[in-house]
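Here are my notes on this structure for your first read-through. Keep the 3D view open as you go through the points.

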Amino acid sequence: MRRLRLAIEASGEIVFTTDANGTFTYVNPEFERAYGYESSEIVGCCTPRILKSDSTIPAEYASFWALLKDNHIVKREFLNRTKQGALLHIETSANPIVDATEQVIGFLAVQRDVTERKRMEAALRESERRYRTLADAAHDSIFIINRRRQIEYHNDVHAKRFGLSSSNTIGKQLTDVFSGDTAGQIERQISVVFSTGQRQLFEERFTSAQGELWLETWLVPMLTDDSEVRAVMGVARDVTVRKALEGQLLQSQKMEAVGRLAGGIAHDFNNLLTAILGYSEILRDRLCDAPDVLADVDEIKKAGERASRLTRQLLAFSRKQPMSRQIVDVSALVADVHKMLGRMLGEHIELSVVAGRDVCQVIADPGQIEQVVVNLSVNARDAMPKGGRLTIATDIAQLDDAFVRRHVGANAGSYVSLSVQDTGCGMTPAVLAHVFEPFFTTKPQGQGTGLGLATVYGIVKQNAGYVAIDSRPDEGTTVTIFWPMPANDRNASVSQATSLPHPVGGSETILLVEDEQPIRALMRKTLERYGYRVLEAQDVQDALALGARYPRDVDLLLSDVIMPGLNGPDLAQRIVAQRPGLRVLYVSGFPNSLLSEHDRNRHRMAFLAKPFTPEALAMKVRECLDS
Ligand SMILES: Nc1ncnc2c1ncn2[C@@H]1O[C@H](COP(=O)(O)OP(=O)(O)OP(=O)(O)O)[C@@H](O)[C@H]1O
Ligand SMILES: [Mg+2]
């Protein structure tokens, strides 16, 4: 008995006894510590009530007592009150004490204070709730997969993204929930975390319920107390838009670089072609009586002309094509081109033109817009060898901020849209990535030069527009061009047609400045053939000296734009100062580059793009002198 008492006193549990009426007969030291009463205060009192808080329902308490008195062991949880008034969560096991005749003569209760455990459970529940809310509110998808590759958790975003329903995916195997490819991809990613124990970042494309997605996924190991990787938590962000923009940016930088290269080559070629075409012309004149040699010279000339057409296209691509600017009604222009297109496309293609209701006016070179329509229509025709439908539509379009944010190179504003849609073979993403590059073609040798879309791109860029292509294999292609609408207050200068049927010569004096000797010699010869007197200078210093020395009138300054040292416009300014009334004609392989609107207006100046034929030079010179 004494040993039993010692054990009870040393135990960490609260122990007390009462008589049959509930009067305390014994309390152990743990009771005193937990409730704050001295043994002497409580023994002899009938005090279950002082242990009662207001939170115990009377009926429950009554049933507890009834069971006890009926000789049952009763286990219950109570919320009791200490002497100081604090509340204690108590787990109670109450046992009736019986005498030899099975009469209940008292009770023994063993209690445990579970207040701290209860508090922790509540805190855990609260924390769980907090994280679940956080995970469900996130825009990222969040998931947990354990070592056995079971899905332990995923949030709503993850469910929506992969078309899962939470109720029947939790606890399932990865491979039972996701398609083979996706499961394989996730497996590859998480196995790195399981094997290294390190967090990992992946950026990969997934096929999801929402289509193709680029996901940036952080995978974090979840450790056991022994620091083993128990599971992997993933947080995946949709970076599809960012990826697309990065791709577009790279693309536009590439086009910029290729454009510079093409422009540079075209410029140098123009000089060479001017010489080739010019000298073959002169040779022709001289060889009138040697018809067999003449045929050879004609071949040279023809090849030169082909090369010159190619160079012009390259210039268009690098946005250096000379252009006249005037008000163009795109719908009207398309209607005009319609007839010509019909013949070009052939019977097997059904062509329809849909003009928007509004007036679709832009300021542009009508020749360029025509070129765009023709290039796109020819591509559409080639994509529909077995026939199909080609629809050309014009309309007014607004590009808003949302569009601009998703399309590198687009600017917000009002545009005239011109779309060319076909029902042809369409393009794979791999082809789409290259279509604007000069010389990119999928057509057999000799059938395509790959300059069609490059030219379209250059023209559109030159006009501060935007071009979009929507194409999928076997689903046809729509190319849409957006031409900026003119600001209301700007009046387009309408250029006049300036074709003279035959070049006419004259006897005026022309100061010719050109640093490339073969071209200078060619121009001199041409001008002299047309009767002009030519003063020849190889650079600006030379020209200034000549201008100062020459005693008689000079009527025209004919000068290259770009030369070593001072350039054409600078020279013009100085010479015009010496000789007011002098007219200026520039030639260059880089039509618009160095000449600002200001330069053009300052001296009644005209411009001739290289390469030019001797006739074109003669006509332009006459036109300048007569203007
Ligand atoms: N409407 C279209 N449908 C399908 N593929 C197209 C379409 N337009 C262009 N392409 C693809 O883009 C490539 C480049 O087109 P682009 O017009 O620049 O050159 P090309 O037509 O091959 O040659 P070129 O126009 O110089 O004769 C084509 O070879 C073709 O593969
Ligand atoms: Mg083409």
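1. Start with a term. A residue is called buried when its relative accessible area is under 20%, exposed when that area is over 50%, and partly exposed in between. Now take Thr-25. Its relative accessible area is 44%, so Thr-25 is partly exposed. Bear in mind throughout that this is a predicted model.

2. Stay with Thr-25. This residue lies in strand β2, which runs over residues 24-27. Leave out residues up to four places away in sequence, and Thr-25 touches Thr-17, Thr-18, Asp-19 and Val-43. Ser-39 is 14 residues from Thr-25 along the chain, and their C-alpha atoms are separated by 9.6 Å.

3. Now the overall form. The protein holds 20 helices and 22 strands. Its C-alpha trace spans about 155 × 60 × 50 Å along the principal axes. The radius of gyration is 46 Å, whereas a compact globule of 627 residues would have one near 25 Å.

4. Next, surface and interior. Of the 627 residues, 43% are buried. The accessible surface comes to about 33,300 Å², and 53% of that belongs to carbon and sulfur atoms. As for charge, there are 72 positive and 79 negative charges, and their mean positions are 1 Å apart.

5. How do contacts relate to sequence? Consider contacts between residues at least 6 apart in sequence. Of these, 60% join residues at least 24 apart. One pair shows how sequence and space can be set side by side. Glu-246 and Val-408 are 162 residues apart in sequence, and their C-alpha atoms are 8.7 Å apart in space. Glu-246 lies in helix α9. With 37% relative accessibility, Glu-246 counts as partly exposed.

6. Ala-135 and Glu-350 are 215 residues apart in sequence and 55 Å apart in space, C-alpha to C-alpha. Ala-135 sits in helix α5, residues 115-137. Its relative accessible area is 7%, so Ala-135 is buried. Not counting residues up to four places away in sequence, Ala-135 touches Ile-142, Tyr-153 and Asn-155.

7. Look at helix α16 and check its length. How far apart should its ends be? The helix has 13 residues, 517-529, and at 1.5 Å a residue it should span 18 Å. Its end C-alpha atoms are 18 Å apart, which agrees. After α16 comes Gly-531, and its phi is positive, near 95°.

8. Which residues of α16 are buried? They are Ile-519, Arg-520, Ala-521, Leu-522, Met-523, Thr-526 and Leu-527. The cover over these buried residues includes helices α9 (240-286) and α20 (614-626). It also includes strands β18 (509-513), β19 (533-537), β20 (556-560) and β21 (583-588).

9. Thr-526 lies in α16. Its relative accessibility is 2%, so Thr-526 counts as buried. Beyond residues up to four places away in sequence, Thr-526 touches Pro-614 and Leu-617.

10. Compare a strand residue. Ser-93 belongs to strand β4, residues 87-98. Is Ser-93 buried or exposed? At 17% relative accessibility, Ser-93 counts as buried, because the cut-off is under 20%. Leave aside its neighbours within four places in sequence. Ser-93 is then in contact with Ile-73, Val-74, Lys-75, Leu-108, Ala-109 and Val-110.

11. Finally, backbone angles. Most residues other than glycine have a negative phi. Asn-71 has a positive one, near 70°. This residue sits in the loop between α4 (58-69) and β3 (74-81). With a relative accessible area of 34%, Asn-71 is partly exposed.

12. Asp-474 also deserves a look. Its phi is positive, near 65°. Where is Asp-474 found? The answer is the loop between β16 (466-471) and β17 (477-484). At 69% relative accessibility, Asp-474 counts as exposed.

Definitions and conventions: Residues are numbered from 1 along each chain as its sequence is written. Chains are lettered from A and ligands numbered from 1 in the order in which they are written. This is a predicted model: local features need pLDDT of at least 70, side-chain atom pairs count only at pLDDT 80 or more; totals for chains, interfaces and linings use all residues. Side-chain values use heavy atoms; hydrogens and water are left out. Helices (H or I, at least four residues) and strands (E, at least two) are DSSP runs, numbered from the N terminus. The radius of gyration is taken over C-alpha atoms; the globule rule is 2.2 Å times the number of residues to the power 0.38. Buried means under 20% relative accessible area, exposed over 50%, partly exposed in between (1.4 Å probe, protein chains only). Contact means heavy atoms within 4.5 Å. Accessible areas come from the Shrake-Rupley method with a 1.4 Å probe; for residues, only the protein chains shown count as cover. Lys and Arg count as positive and Asp and Glu as negative; His and the chain ends are not counted. The place of a charge is taken as NZ of Lys, CZ of Arg, CG of Asp or CD of Glu. The expected span of a helix is 1.5 Å times one less than its number of residues.
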